[in-house]
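Morning, everyone. Please have the model up on your screens. We start where the two chains meet.

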Amino acid sequence: MIKEVNAVIEVSKMGSELVSALAEHKLSCEDVAVFAALDMDLDRSRADVYLVLTEKELLVLTGQTSSSGKPGKKFTKKFNETDCRVYDASEIKDLAIEEYVSSARLICSYKGDDTVLAAMTKTALRDARIFVKYAAPKLEGKEEEIDEDDFRDDRFCPKCGRRYPDPDRKICPHCMEKSKLYRRLFVFAKDYRRHMALVLFALALTAAMAVAAPYVSTEFFYDRVLSNSSNPWYGRIVTAALLVLLLKFGSLAVGSFSGVISARVTAKVTYQLKKTIFSAIERLSMSFFSARQTGGLMNQINNDSNEIYWFFMDGAPYFIKNVVQIVAALVIMFIMNVPLALCALVVVPLFALTIRALFRRMNSLHARTYRSSRALNSALSDALTGFRVVKAFSREKEETERFDRQSKRLARDSRSVTFFNNTAFPVATVIMYLSNIIVWGVGGWMAVTGAFGMTYGRLLAFIAYSNLMNEPMFMIVDMAYWFSGCTNGLQRLFEIADAEPDVRETAEPETLGGMKGSVKFDNVVFSYEKGKKVIDGVSFEVGAGRSLGIVGKSGAGKSTLANLLMRLYDVDEGAIFIDGVDVKKLSFDELRRNVGIVSQETYLFVGSIRDNIRYACPEATDEDVVKAAKLAGAHDFIVKLPDGYDTMIGFGYKDLSGGERQRVSIARAILLDPRILILDEATAAMDTATERKIGEAVNELSRDRTVIMIAHRLSTLRDVDSLIVIDEGKLVESGTHEELIRSKGKYFDLYKLQLEALKNIGITEE
Amino acid sequence: MESTKLKDVISIQYITPENAVFTEKEGFIALKFKTSDGEEKDYPRVKLQRNFPNETPEEFVSVLNKDDEEIAVIRSVAELDEATAGMIRRELARKYFVFKIRKILSVNQKFGYSQWKVLTDEGEKEFTVRDTYRNFRKIDADRATVSDVDGNRYEMSLTGLDRPSMKKIELYI
């Protein structure tokens, strides 16, 4: 029996340090049934703690692991044991983990006494849970079936072995190849290769003209046009002025030209990127959305793609242009005068460092301003959304003060940003001038003495070039920051594009060819989070055309059963069958065309009521729509609206009441005409009279289809053929209403309680 | 199903020297409790839960049974006799243990995460925080906490940190 578990716990995973530590206790790898590594001793100090369960004993080894040698070369780890506790396995009962705020402990009942076996930080919690999952049944002499997932160690980067910063996101910041990301982005842009080449060419041309301009307006002008009468250009001032003008206009024209093209390409590429991401998102399973907040997700996509847009629109072109400009200016300066060029360069490091520091400070100031503006916005929306409550408790004054406080904070932060901008950047400019002054001084001396062939015009040109080199620094220094923001955004977007849906459609689906609608749950186990079973071994059957009620407390797992039948999630164990075929073998299309759901959360899209009702079957006729609405009890209130079925609803339009929304969504499900209809608390927001009316409609519907109704109000379920009671993920009772009343179990308790509540207000059930 | 009286639902059942005896054994707290009806009940293991963990950690401490149902409330730990108060404080310290940051060695933003290297009472620690602005929380004028990706919490005293440490977290405050 032990062997089977051993097959999964590879010896290599145990680590040589543990193997040799176990050897001292006269144990070999074959003796070990389950083991786990924890990270804290009982006094909460950092320690390496190993839980080792053998056939007879549980060992808790505490100590420190020290390593010697370099990674890769003669790397050895040694476990220095400081404490070893041995427990008799046959005396351990009720192995459990108790979670605290920032730590957890493993407890059990040992020889009848509550005992603490080990402590851990939350980092080791997953390992401890897996340990309990396999060790607990083992202690009872049972064998837990092995789930390969539990032992697949996917928390570490396979490349460098470092732990992923986020266990839910398999990204190693050390091994992430930035170039790969950008290469992928260029795949989107490959249709625009010619455009991009053009942009690059235009940028180079702009830079070249920017570099040529100072030469013409200074050295050429002073040394050739104004002085040296033997020169053919002497006195031709108008020509020189025109030449300067031409250069300026030329660079302006080329610049705008490249701007237009890159705007076009970048916009198209980001559009395609967004499209790819959105279709990837729609393809993903429910679990992806639960793990990340949907609102934040959409926001993130927009922000990220904007960041990418601006980087390629503004950042990258200017960067290229500026680099070309700096290099060209430098080359020219060195050609003109080597000693002076060196002088001009002296200040550059100082200048770059200053700007870097300034930008850092500015970014932190901006971040702070952003935060206070966010706080102000939320204070504002809080007070306005909760206006009714503010009024009712007459808290207007306090709310005004709260707003005022946030507003003051924002004003203060914005002021410091402006103040900083107005003081810090002039300082940077002064430093830049420092290099000018050096050039003036040294160059002036050269010009006067005529050393190194310096002329007045050349000196002026030289100064112009040193400015040409310094100016782009402001931007280049900030580039790294910009670049990392863009990389980050790209990474997140591709991550979404690459995410694999957990619920996958089978490649070769079986076709039912006219579904009858019998449903069977066979020993279904499911958990949203590993280790916390939401559905635990539930089995039941509903015949085709029959109706079933599911009863239970809120949070018992009723809606999860519906989600599983719809395959919004996949079962962990067991299976669900429709007409005897595993739902995993059906195509999504067939499954979802035949299973309709009206859930607690009704979502209506922006559009007319008619469009909302025929959301799932846009080809439905108006007659079908009205029929469905009538069945759902929605027709009456819809025709009372001035715009009838054409009334616009959804975000920003007419607000329907909770009951009305539910009726519209029921109509939507009815119109789909599914073989199996699930009503998940679909009538909870309606008044009793309306609910009863809908109940009749549902009876009408259930005549030729399978209906599964989930409710906690038992009166909703008065007409179903049979009932099941779910409690904490387990099926505790099943049968008809009469049978359940007779057996006096949970259902009876619930029934009595609700009946009493009705009696209290003077109503008795007929 | 037990019928619960309205009175029991809305009134607070306090722990008093007369109605409760706590005992401690090997890191577990047991309680003998006399209900308002005079019924004696034995709880071999109880859990504690602070009602206001940030503001008044020693007041309003719920005593829960194994299934997390409230048995009674300790109005104030200080009002208990010394031995019991000691027991309760030890149990609270166990449950509410968080790493206390003494010095922040480095905070690096990388791809949406921040990598922290800190010195705590339990030695040097490295951890990763996702969405730092959201997971960094200022509790009051002095205290702040930060939670890492695994859910471990770290607490720091803003006035107790040195200048270089403060500079590193300035942005999140």
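Chain B has 26 residues in contact with 26 residues of chain A. Contact means that the C-beta atoms of two residues, placed from the backbone, lie within 7 Å. This is a predicted model: local features need pLDDT of at least 70, side-chain atom pairs count only at pLDDT 80 or more, and totals for chains, interfaces and linings use all residues. Residues are numbered from 1 along each chain as its sequence is written, while chains are lettered from A and ligands numbered from 1 in the order in which they are written.

Now the inside. The largest nonpolar core has 69 residues. Such a core is a set of buried Ala, Val, Leu, Ile, Met, Phe, Trp, Tyr and Cys residues joined through C-beta atoms within 7 Å. Helix H21 of chain A (residues 658–672) gives seven residues, the largest share of this core. Leu679(A) is among the residues with the most contacts inside it. A second, separate core has 38 residues, including Leu53(A) and Ile92(A).

Asp94(A), in strand S5 of chain A, has a positive phi, near 50°. Lys111(A) also has phi near 50°. Lys111(A) counts as exposed because it has 11 C-beta neighbours inside 10 Å. The cut-offs within 10 Å are 20 or more other C-beta atoms for buried, 12 or fewer for exposed, and partly exposed in between.

Key: Helices (H or I, at least four residues) and strands (E, at least two) are DSSP runs, numbered from the N terminus.
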